[in-house]
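Please keep the sequence and the structure in view while reading.

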Amino acid sequence: MTVLRSLFRQPSALFGLAVVLVVVVLALAAPLVAPFNPDEQMFDGLTLEGAPMPPGGQFLLGTDTLGRDLLSRMLYGARTSLIIGLVANGIAVAIGLFIGIVAGYLRGFMGNVLMRFTDLMMAFPALLLAIVLAALMKPSLWIVAMVIALVNWVQVARIVYTETRGLVERDFIMAERSLGAGHGRILLLHILPHLIPTAIVWGTLGIATTVLLEATLSFLGIGVQPPQPSWGNIIFESQSYFQAAPWLVFFPGMVILLTALAFNLVGDALRDILDPTQRGRG
Amino acid sequence: MTETKPTGAPVLSVERLSVDARTPEGLKRVLDDISFDLYPGETLCIAGESGSGKSVTSLSIMGLLPKASLKVTSGKIRLGERELTTLSNSQMRHIRGGEIAMIFQEPMTSLNPVMNIGAQLVEAIREHQGSANPEATALEMLEAVQISDPARRLKQFPHELSGGMRQRVMIAMALSCRPKVLIADEPTTALDVTVQAQILELMRKLKAEFGTSIIMITHDMGVVAEMADRVVIMQQGRIVEQGPSVEVFGHPRELYTRQLLAAVPRLGALAGTDGPPRVSKSAIAPAQRGTAPVLHVTDLSVTYGGASGLIFKRKAPPATVDGISFDIMPGETMGLVGESGSGKSTTGKAVLGLIPFSGSVQIEGRDIAGLSQHDMRPFRRSAQMIFQDPYASLDPRMSVGKAVAEPLVIHGIGNASERQDRVAELLRRVGLTPDAATRYPHEFSGGQRQRICIARALALEPKLIVADESVAALDVSVRARVLDLMLELQETMGLAYLFISHDMAVIERMSHKVAVMRGGRIVETGTRRDIFENPREDYTQALMAAVPIPDPTVYRKC
Amino acid sequence: EGKDIVVTYKDDITTLDPQIGYDWVNWSMIKSLFSRLMDYEPGTANLVPSLAESFDVAPDGLTYTFKLHKGVKFSNGREIVASDVKYSIERAVDPKTQGPGAGFFGAIDGFDDLAAGKDGGLKGIETPDDSTVVFKLTRPDATFLHVLAINFASVVPKEAVEAAGGDFGKKPVGSGTFLLKDWTIGQKLVFERNPDYFVKDMPKIDSFTVEVGQEPLVALLRLQKGEVDIAGDGIPPAKFLEIKNSPDGAQMIVDGEQLHTGYVTLNTKVKPFDDLKVRQAVNHAINKERIVRILNGRATPAKEILPPLMPGYDNDYAGYDYSVEKAKALLAEAGHPDGFETVLYATNTDPQPRIAQAIQQDLAAIGVKAEIRALAQGNVIAAGGTEGEAPMIWSGGMAWIADFPDPSNFYGPILGCGGAVQGGWNWSWYCNAELDERAVAADSMSDPAKGAERIAAWKSIFTDAMKDAPWIPVTNERRVVAKSLRMGGENNIYIDPTRVINYDAIFVK
Amino acid sequence: MVILLCKRLAQAFLILLGVAAITFVLLYALPADPARMIAGRSATAQTVASIRHELGLDQPLLVQFWTYLTGLLQGDLGRSYAQKTEVWTLIAARLPATLTLMAAGIFVEVVLGITFGTIAAVRRGSFVDRLVMTASFVGVSAPQFVAALLLLYVFAVTLGWFPMSGYGSFAHIVLPALTLGILGAGWYARMVRSAMIEVLNQDYVRTARAKGLSSRRIIFRHALPNAILPIIAMIGIDIGQFMGGVVVVEAVYGWPGIGQLAWQAIQQVDIPIIMGVTLTSALAIVAGNLLADLIAPVIDPRIRTS
Ligand SMILES: Nc1ncnc2c1ncn2[C@@H]1O[C@H](COP(=O)(O)OP(=O)(O)OP(=O)(O)O)[C@@H](O)[C@H]1O
Ligand SMILES: Nc1ncnc2c1ncn2[C@@H]1O[C@H](COP(=O)(O)OP(=O)(O)OP(=O)(O)O)[C@@H](O)[C@H]1O
Ligand SMILES: [Mg+2]
Ligand SMILES: [Mg+2]
C-alpha cells in the first residue's frame, strides 16, 4: 500500500503507470474497441493501384499493404507483443538471474560449469536454433516466447554473475551465514533484492528488443504466423514501405517505444521505492 | 609549559557558519553558528561525539559539501583576506589542494584504486605548481613521509600498500603543494596503535618543516592530547568549548567535555585486578561459569587462496593464521590483540567455521571441522559473531527489526508475534527504542549500528560471542556505553567473549586473558595481569608504549 | 568509353560453373561466359546453332550429329574440339560434379551408368573427329536441342577445370561473349568483353560489373543517382508505384512477360484434397484479380498451368472462374458444407506471405480455415517433398520458371508420377498414369515437321491435368527490371525468356 | 598469468567443440535434404543417391561428425554445397569486412554510450539526463532496417556526404558503423550511467576534488576508468551480437560481411557454410570474452593479483 502511495507521488511513475494500464486494457478489450476485424483485407483499404491508405477518414491510422485497418491490427497486436515483451522477456531475465546468481554464489566447480555453459550458449547461434525449431515444431506464440527466453537469458546471466560475485564478498553475507541461514535463504532474501536494479534495466530495455526480435523469429517461421498481428511483425512486414507509407512503421514503432519507456519509468520508481537506502535522496 | 600564545593574523577563520541539511522531514540544521580561528603553525583539534558536525565543518571549508543535501546558509570562511563561501567552483579549485589540503576519514578508500601512486601524486603537483619535474617532487615527498623504498612505491597501486602506507601517501599528497592549511579528518582511526603513533609523529615533524597549520579531527582524546595546541569541542552542531589544550584537559569548563574525558579508558587504570570491572548489580557467581571450555582451539591454521587448480597446481601461499591454540571458559573474555593484518579477524571467522581451516576447533566439546553449512546450524545457536564493520555486516535492504529477528526465523524459534516481542526486548536491552525495528541500517549512527549487531548476536542466547573490533569506530562516549553493555551481559548471562581489538586500553578493560598475535602466530599469552604488568615480548611492550595518553602534559614531559 | 555498366543483385553469386549454377541470377552470366552447341536469338525463344555450325537429326530422332565451328578458342587460347563437348556433358551428368543438371541429359545413351557413379563416361556421345559430335539417344527427345542450349551443356576446357581444383565456379574459363576479369568475393564481379569471340560485333558493351549484396531499395536509389545501370532484382513493391508514377518511370521500368506461373499445389494425397471436388472448389475460391492488385498490377491472373508465352498455352481454356457460390456448392457436395481446416505453406520473403494471406482470406470466405506457415525456402521445399506433409503450398519465390521454352519443361518433375516421390518436386503428389504416357509420347515426336502436332498434344495434356485440379494457378508474374536512362535496347533483352538479362545484346545509348 | 591463460584457452577449446557438436546435431535434425537441393528439380532418385554418397551424407551422424572434426582440426572447414568453394575461402574473404564493421560499430557504441551515459550521470535527474535516457529507448526500439535506410537517405542521398554503398574506404564505414552504434549505444549509456553514479559517490573522487583537479580530469581520469569494467564485459557480449546479427545493416549498405553469407546459406541449407560461420563467430565470441578477461586486469590492477 505504501509502495502504491509512493508510486503515485512521482509524476513520471504515474505517467508510466497510466500508459501501461492503457496499453494492457486496450489489449484486453481489443475486440470491443477495434473498429474493424484486424485480419480483414478490405476492398476499399487499398487504392486502385494497390497502395495502402494513409491515416485519416475511415481508417484512423491508415491501412497496411493488404488493405487491413492498422489501428485494429495494433490493438490485437498488443496482445501478442505484451506476451512477448513481458512474459518471454520476463522469463529470460528470470533465468538469467537464476543462473547468474547460482553461478556467482556457488563458485567452485559447479559455478564454473554453469558459467562455461553460459559462454557456450553465448557462442551458439540463436538464429539456427530458431530455424531448426521452426522446421521441427508447429509454430506458435509460445514457442517463439520460449526461444526468446532461451536466447536472451545469457547476457543477463553474465552481468548478474559479475554482480553476484561482488555481493558474495560483502560482509553481511558472511554475517548471515554465521547466523545459520541456508543457501536458499541467502540467495533469495539477501542477494536477489540487490539485483533488482539490474533486473529492471534489462527487463525494460529488453521489452523493446524482444518485441522486435519476435518479428524476426516469426519471419523465420517459428512465431505467430500471418495474419495474426504483433507490433513487431506489423513493422517487419512493411518496413520497406517506410517512405511510401511511413505510418506503417511510425505508429507501431511509437507504441513499442512508449510501452518500454512506460515500464521503465514504473520500474525506476519501484526500484527507488523498494531500495531503503534511496529513501529521501534526490 | 613552554606553549606560545598564537600570534599574528589567523590563516583561516570561520565566522558564524551555519549549514542546513535537506531531509524528508524538511530542513535540519547540522552546523549552528560556529566560529573559530586557525593561526599560523598551530594544530587545532576538533573533537566531539559522532554526528556533531566535525566532518561537515571540514567539508564546508573545502567547498566540498554534497550540493544535493547540504547547504551553507550563513556565515563566512576566510582564508587570509579571501572570502571562500562566495568563490566560484573554478576559483575554489585553485584553493583546494593548493592552499588548503585535506586528508579524509577513510584512508582505505580515498585513493583511486586504478591509478598508481606516482600518477596520483604527480597530478596534484602539476595542478598547482607546474614544477619542472613533478616526478622528482613526488619522490621527494614520499621520502619526506618516510615511506620505505619510495622509488618503488611510485609504481605501485593502492591495494599493494598497507593501511599505514596509504595514509602516508595521502599525507604526502596533501602536503606536496605546501598548503597553508591541512585538514585531517580522523586520519588514524582505521590504523593500529603502532602505525598511528608513527603517523602522528610524522605530522608533527612535517608541520614544523613545511610551516603548515593543521586542523585535526578526531574522537580519540589521547590523540588530541598528543597533537593539539588548541582544542574545539563540538556537540550537536555547536561549539561547546574551545581553548588551549592544556587548559581544556586540565580544567574542562563544560560538563560535556568532562564526560568525554572521563569516558576515555586509560591504560594501566585496572592494574592490580584480575577481571574486568563489575558494572551490574546482579551477578552470576563465578562457580556457575563451569569448567569445560566453551571454545577449544588446537593448532588452528588458515591459508587464503590455497585452493589449487584442476590441472595446474599452484604453490600454496604462506598461512595467514599459523598453528594457534587456546581455550575459552564459559563467562570468560579472551582478548586478542595485534597489529593490523596479523590474522585476528581471520582467527575469529575460522573458530566459527566461516572460512576453511585446518586443525581442530571444538565448540562445547564438539568438533566443527569440515561441517557443511547445514550441519553447522546447531552450533550457530551457541556461538555468534559481531563483525568488525557493523554497517557492512547488516543487509542494507533489510529493516533492523527483520535483521534482529533473522536468527530466530532461521532457527524456527517462536511465531511471528512472539518474535516481534523478543525483538523489541532485545532492542531495549541494547539501549534502542522499539521503533528502531522499522528503520533501516543507514538511518542509524555508527554506535547504534553496533548495538543492533550485538542485539542480533544475542537473539539466540549464545554461550560464546566473537567480538571483532566492536568499538574501534566509535567515539569515546558511545564506546564506553557499548563496553559497559557487553560486560553487563557477560555478568548476567555468563557469556564468553573472544574480544578482538588493536586498542590496548580496550583490551585491558575487557579481558580475563590476553593473546598477542603477530604474523599469524600467538607470540605471547597469559592472564591480563601477566601481559599488562609484565609483558615479556618486545612486541607487546611496543604495542603498549604506542598507546596515546589523554593528557597533554604527559607527552610533553618525555 | 562509357560502355562499362554496373548491375546489382541482392544475393551473392554462388558459382559461375556452368554445370552447377542454377539460379536466375547466375544463369544469365553463365550464358555470357560460355558457349553451347545451340542458343537462342536474343530476346526470343527461337533456337539457333551457336558453337555448332550445322546439325543433323536422324529420322528416328535417336541420332544427332553436330559440326563445330572451326577456330573457336577458349579464353585460355586453346581451340575447342569435339571432345570438349563430350567432356562437358559428361561432367554435367557425373554425380561427382554434384550438379543439378544431370536429369536433362537422361535420353543420352549411357546416362544411367554414369548417373549411378560408374566410370566410363557417356557412351552415347561420340567424337569421330575434332569438329564432329554425335549424340546417340535411347529414346526420342523432342526437347533435345533445347537441352543442348541450356547452361549445363556449356563447353568447358578439361584442363582448366582440373587446374582449378574444385574452384572452377570461381575461376571460369569459357568461350562466351565475356571473360571474368576479377571477382572480389562478396562484393563484385567484373566481366570484360571477349575480344576473340567468334561472332563479330558481339557483345555491345566493353564490360559490366556485378555488385552483389545490394538491398533492392538502395540499388534503386543508386540507379536514380546514376551509380547503377541495371537493378537486377527489379523494383520492390514498396517503391514500384513511386517509380512508375515518376516522370522517368516509363523509361526506367522494363516490364514484360516471362515463362512463369505462380500456383498453389493441392496435395492429392492429403485429406480432403484427395477429393477432386474439394480441389475444384478451392480453385473457384481464389480472387486472382485482387492478388494482382496486391502485386501492384505486375501480374496477370493465371488460368492454367502453362504461362501464356509458352507454346501450347490454350487461349480458349477458361479455367476455374472466381465464384464463391460454385466453390461452396462443390464443398457441400464433397461433404464439407462448413469447410475444413488446413495448412498453407509459403516462403517468407515479401510479397509471398502477403499473397498467402490474400489466399487465406479467400479460402476463409468459403469456410476453409488455412493456417499459414511462412518458412525459409529450404524448409518449404522439404515440406513439399515429404509425403503427407504440406496440404497446400504457395509456390511464390520458388515458382517454376522454365529452363527452356518448351511445354514439357512444365510437366515431368512437377506434375508427373516421377516427381511424386519422397524429396521430389511434385508437391501435389499428383500421378496420372495416362497423362504420363501421353507426355512420353509427345516428347518422342522429335521430328520438327511434327512440331505443331506435338504442341497440340501438350496443350491437351495440361488442360486435362487441370480437370484434376492438382494446382490452383494464381498469377503469371511479369518480370520487372529497372535500368538507367542511358541503357538502350528493346525491352525483351532485359527480360529475355531464356536468360533474364541478355548481356550480349544490351547496349549503352 | 600464463597458467590462467592456458586454462582459459583449454576451456575455450572445449566450448568451441561443444558449439560444433550442438550445431552439427541441429543441422542434422533439419528435415531439408541437402542432396535433393543440390540435385535440382530434374534429378532422378539415382542421381540424388549418388550425390548423397558423394557428400558422405549416407553415413551415420557420428561418423559424419568425426570426419568433420578431423577435417576441422587440420583447418579444413569443408566445401560449400551450393558454391563448391572452400568454406574457409568464402569466410576469409568476408572476415575483414565483418571485423572492421564490428570494431567500428562497437567503437561508436562505446563512445556514444560513454559520452551520454557520463553526461546523464553527472547531471543526474536533470532534463539532459531524462533526454539521454529516453533517447536510449528510442535507440533500442528502432527497427534496424528503417534506421539504416533513414541514415542513408539523409547522409548519402540528400546530403551526399558519404557513399551509399560499398566497402573499402573510411567514408564507406561511417554510415553502417553509425547505424549500429546509435542502435546499440542505449545499452551502454544506461550501464555507464549507473556505474558512474556509483563511482562518483566514491571517496577517491572526493579526494580528487580536494586536490583541486578540473571536473574534466576528475571524470575522465578518475571516475571513468573505475566505471569501465562492466563495459568491457558488455563488449564481450556484443561481439556475439555483431558476428551473428548485422545482416540487415550489411544489406542496406552493401557491406560484404559474414551476415549476408550466413543468411544466404541458411536459405539454401548450405550446411558447411552454416557450420563454418557458426564456428567462426563462436571463435570470435570466445576470443572476445577471453580478451575482455585479459583487459580487465590492465584497467583494474586489483584483479591482477587475485
Ligand atoms: N549528506 C548529508 N545529508 C544529510 N545530513 C547529513 C549529511 N551528511 C551529514 N549529515 C548530518 O550532519 C550531521 C553532522 O555529520 P558529520 O558527518 O559532520 O558528523 P561527524 O561529527 O563527522 O561524526 P563522525 O564522528 O561520525 O564522523 C549528522 O547529524 C549527519 O546526520
Ligand atoms: N579474503 C581474504 N583473502 C585473502 N587474504 C585475506 C583475506 N582476508 C584477509 N586476508 C589477509 O590475511 C591477513 C590477515 O587478515 P585479518 O583480517 O585476519 O587481519 P586482522 O588481524 O584482523 O587485521 P585488522 O586489525 O586490520 O582487522 C592480512 O594480510 C589480509 O590481507
Ligand atoms: Mg566524520
Ligand atoms: Mg580484522
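A salt bridge is a side-chain nitrogen of Lys or Arg within 4 Å of a carboxyl oxygen of Asp or Glu. In this predicted model, the count between chain D and chain C is two salt bridges, and one of them is formed by Arg94(D) with Asp12(C), whose closest N and O atoms are 2.8 Å apart. Between chain D and chain C there are also 16 residue pairs in polar contact, counted where both residues have pLDDT 80 or more. On the side of chain D that touches chain C, the elements that give two or more residues include helix 5 (87-122) and helix 7 (144-158) of chain D, and by class this side has 23 nonpolar, 14 polar and eight charged residues.

The contact takes 45 residues from chain D and 55 residues from chain C. About 4,100 Å² is buried between chain D and chain C, with 56% of this area given by carbon and sulfur atoms. Of the area that chain D buries against chain C, Arg41(D), Lys84(D) and Met164(D) supply 19%, more than any other three residues.

Turning to the cysteines, the structure holds one disulfide over all chains, and it joins Cys417(C) to Cys431(C) with an S to S distance of 1.9 Å. The link of Cys417(C) and Cys431(C) is right-handed, with 95° about the S-S bond. Both cysteines lie in the loop between helix 14 (412-415) and helix 15 (433-444) of chain C, 14 residues apart.

| Cysteine | Relative accessibility | Class |
|---|---|---|
| Cys417(C) | 19% | buried |
| Cys431(C) | 47% | partly exposed |
| Cys453(B) | 2% | buried |
| Cys6(D) | 37% | partly exposed |

Notes. Residues are numbered from 1 along each chain as its sequence is written. Chains are lettered from A and ligands numbered from 1 in the order in which they are written. This is a predicted model: local features need pLDDT of at least 70, side-chain atom pairs count only at pLDDT 80 or more; totals for chains, interfaces and linings use all residues. Side-chain values use heavy atoms; hydrogens and water are left out. A disulfide is a pair of cysteine sulfur atoms within 2.5 Å. Helices (H or I, at least four residues) and strands (E, at least two) are DSSP runs, numbered from the N terminus. Buried means under 20% relative accessible area, exposed over 50%, partly exposed in between (1.4 Å probe, protein chains only). Contact means heavy atoms within 4.5 Å. Buried area is the accessible area (1.4 Å probe) that two parts lose on being put together, summed over both. A polar contact is a pair of N or O atoms within 3.5 Å; within protein, one must be able to donate a hydrogen and the other to accept it, and residues adjacent in sequence count only if both atoms are side-chain atoms. Ala, Val, Leu, Ile, Met, Phe, Trp, Tyr, Cys and Pro count as nonpolar, Asp, Glu, Lys and Arg as charged, and the others, Gly among them, as polar.
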